[in-house]
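Here is a short briefing on a sheet, an interface and a helix pair. Please keep the structure open while you read.

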Amino acid sequence: MTEHAHGAGESASARETVLGRVRDALALAEAPRVEVPRDYRTGRTLPDDDLVGLLTDRLLDYKAEVRTCTADRTAETVAEALRAHGARRVGVPPGLDPGWLADFDGEVEADSAEVPAPRLGELDGVVTASAVACAETGTLFLDGTPRQGRRALTLVPDLHVCVVDRSTVEVGVPEAVARLVPERPTTLISGPSATSDIELERVEGVHGPRTLVVLIRTDV
Amino acid sequence: MSSTFLGMPAAPPRSPYGTGNLRGEQKFPEAAHGELRNEQLRRNLGKATHTIRAKRLAVTGELPDWERLRDAGSAIKTDTMNRLPELLEELERRVTERGGTVHWARDGAEANEIVTRLVKATGSEEVIKVKSMATQEIGLNEHLEAEGIRPHETDLAELIVQLAHDRPSHILVPAIHRNRDEIRRIFLKEIPGVDPRLDSVPAHLAAAARAYLREKFMTTKVALSGANFGIAETGTLSVVESEGNGRMCLTMPETLISVMGIEKVLPRFADLEVFLQLLPRSSTGERMNPYTSMWTGVTPGDGPQEFHLVLLDNGRTAALADKVGREALNCIRCSACLNVCPVYERTGGHSYGSTYPGPIGAVLTPQLAGMHAAKDDPNSSLPYASSLCGACFDACPVKIDIPSLLVELRHQNTEESGATAEKTAMKAAASLMKRPKLYTKAQKASRAGRLLAGKDGKLSHLPPPFNGWSATRDVSEPPKQTFREWFASQEGQAELRAAAPQDDEGEESR
Ligand code: SF4
């Protein structure tokens, strides 16, 4: 017998009953084993320029703002993006390279688990790195590691400047998913939040950051 | 077969009668009759389904391996159902290892009780909710309210529906039956402290909802969610969304409770590479939805520090026990079948009387809740809420053969209700079904004709993907009527009426 966690007052019987029903159902309607055909596209690559071009195209299509630079101009480009959106008070995850904010003349606050998440609403924006990006869908993957921070940090403030390194960009979804570490809290972001709930008219920016700036570093 | 299996297998029970939201008050034809007169509903639905349909075709057409992805998705789901016991146990083990607690619920009432008890244990009198079909199916909101707990829906459309004391009418855009002026009036009446000068510009309405909900996100200690996928291999759960309300609910509160149907489990993390392509493209017609969250148990210092997963049966095992019907459990709730369905487009979601509307609802609801739980069970009419045109099968990202399931359910219905004239008709249908080529040809011929006929019933040219097909095959003459005409015709009405066993012309008209 394995140990199972059950809430107070709950018996193991619901578990045994449901699993018993599943087994009964499969016994009543036995089905042949299936082989899963996996001949869809995987392991794709593209030349660097095409890859960055595709990602840029898809990001723009989803109303993200895209800036491209080389690594030595990171601080300059980050500062430009923050200035363009009038951000004065900016949060960063604890592990972000402080050099990235070197040219920014506003206030920089390093986030920590001690800061109550609602207080993040006082920030004008946030600057983070990213784990992986998928060019074909224009998707950024954040995985909660120290350069990206906890999930609330990139959710509560209204502006998110996200730095994407060329080496982390994959062509398609299978290639990107293969680079994830499943146990990490992972957020996939494709453009700013949006709703089409009112007469199907698209409205950008509901609860997440209303502005997403993606800074692609082409030589890292 | 599992080694722990002992004795004769028993047929698993359906969702208990009189609980949850899997049964309407009227049969489909009567319910549809009222809705058919609702001009606004029809206009809004027409616009929505056609817009999403066009977007879906554009983004699925972009992928040269779309059909291969569908094949993979379909096979992964079938394989999952075959191995459900081991996968559920593996999921439970992984979630538990990562600091979560797993609960099992035999039916909706039990799930409601578990959730209520968990919420009460936190001391919170309100909860924030991410749109979730499973919790709607079991009537969780109603139960919580009766227990003194206020659930706040946070998806914009669900909020509109909740504030209007209404029911959702579409899986993806639940408030599609409301227009902007109505929504403005609902907000003015129901949102405390809303600016009385609020106009009906969608962006302003969305901003009003943002301001109202932000306070809830920041202060509510418990969130309830469903799950699009639960990965057995890693214990990872995933919620796919657009607005960011899902991220808020999954990130900000101290406690997260997720209710997941047992059929939502997937074997491997890598399977997401298939479903994260199939779902957004089929659902909203986007290459990727704005936000997808994945979490595994509890992560110290990030997000809710208490996590509960409630695994729900509520008739799913009854569906699993049906060799044909079980395919409906493969559904990933993308709503593509709704958007291509001529019956749904015409009648709207409310006519189906269930949380699950449209073609998938017509096959899933009767299996979860049964068709003969009471005299004149409204669910017995659902398998007839279709012209069997086959558009849903073509659209479905996991290739669920909804038309065949409908025919099978009609067959089961006549077996149970004992209408002999119908039995004869079903035998004829069954013999057609046994000749796959002839059946497919009949299906395709009628489908192509019906789909392509414009409002005036004229067929001009065959657009992709049908042009490839018509170039290589003999096209039978398409039906002379458009669906609209068919629906209004005696024949169409007779087919819908045939659903009602008390009707003496209880015979399939085709
Ligand atoms: S049956 Fe297929 S098309 Fe319909 S909602 Fe489910 S997955 Fe989508």
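Which residue of β9(B) stands opposite Ile189(A)? Tyr291(B) stands opposite Ile189(A). The model is predicted: local features need pLDDT of at least 70, side-chain atom pairs count only at pLDDT 80 or more, and totals for chains, interfaces and linings use all residues. Residues are numbered from 1 along each chain as its sequence is written, chains are lettered from A and ligands numbered from 1 in the order in which they are written, and side-chain values use heavy atoms, with hydrogens and water left out.

**Strands across the chains**
- Strands pair if DSSP finds at least two bridges between them.
- Helices (H or I, at least four residues) and strands (E, at least two) are DSSP runs, numbered from the N terminus.

**Interface of chain B and chain A**
- In contact (heavy atoms within 4.5 Å) are 109 residues of chain B and 82 residues of chain A.
- The two chains bury about 8300 Å² between them, 59% of it on carbon and sulfur atoms.
- Buried area is the accessible area (1.4 Å probe) that two parts lose on being put together, summed over both.
- Between the chains, 12 salt bridges are counted.
- A salt bridge puts a side-chain nitrogen of Lys or Arg within 4 Å of a carboxyl oxygen of Asp or Glu.
- Arg41(A) and Asp65(B) meet in a salt bridge, at 3.1 Å from N to O.

**The sheet of chain A**
- An open sheet of 6 strands in chain A has the order β1-β12-β7-β4-β2-β3, with parallel pairing.
- Its edge strands, β1 (65-69) and β3 (107-110), each pair on one side only.
- Neighbouring strands are turned by 25 degrees against each other on average, direction ignored.
- Axes are lines fitted to C-alpha atoms, for helices over the stretch in contact; angles run from 0 to 180 degrees between N-to-C directions.
- Strand β2 (residues 89-92) of chain A runs parallel to β3(A), with 4 bridges joining them.
- Val92(A) has Ala110(A) as its bridge partner in β3(A).
- Helix α2 (residues 48-61) of chain A packs on the sheet, touching β1, β7 (159-165) and β12 (211-217) of chain A. Its direction makes about 175 degrees with that of β12(A).
- Helix α3 (residues 74-84) of chain A runs at about 155 degrees to β1(A).

**A helix pair in chain B**
- Helices α2 (residues 39-61) and α12 (residues 272-283) of chain B pack at about 145 degrees, their axes 7 Å apart.
- Ile52(B), Arg56(B), Val59(B) and Thr60(B) make the contact from α2(B). Arg281(B), Ser282(B) and Ser283(B) make it from α12(B).
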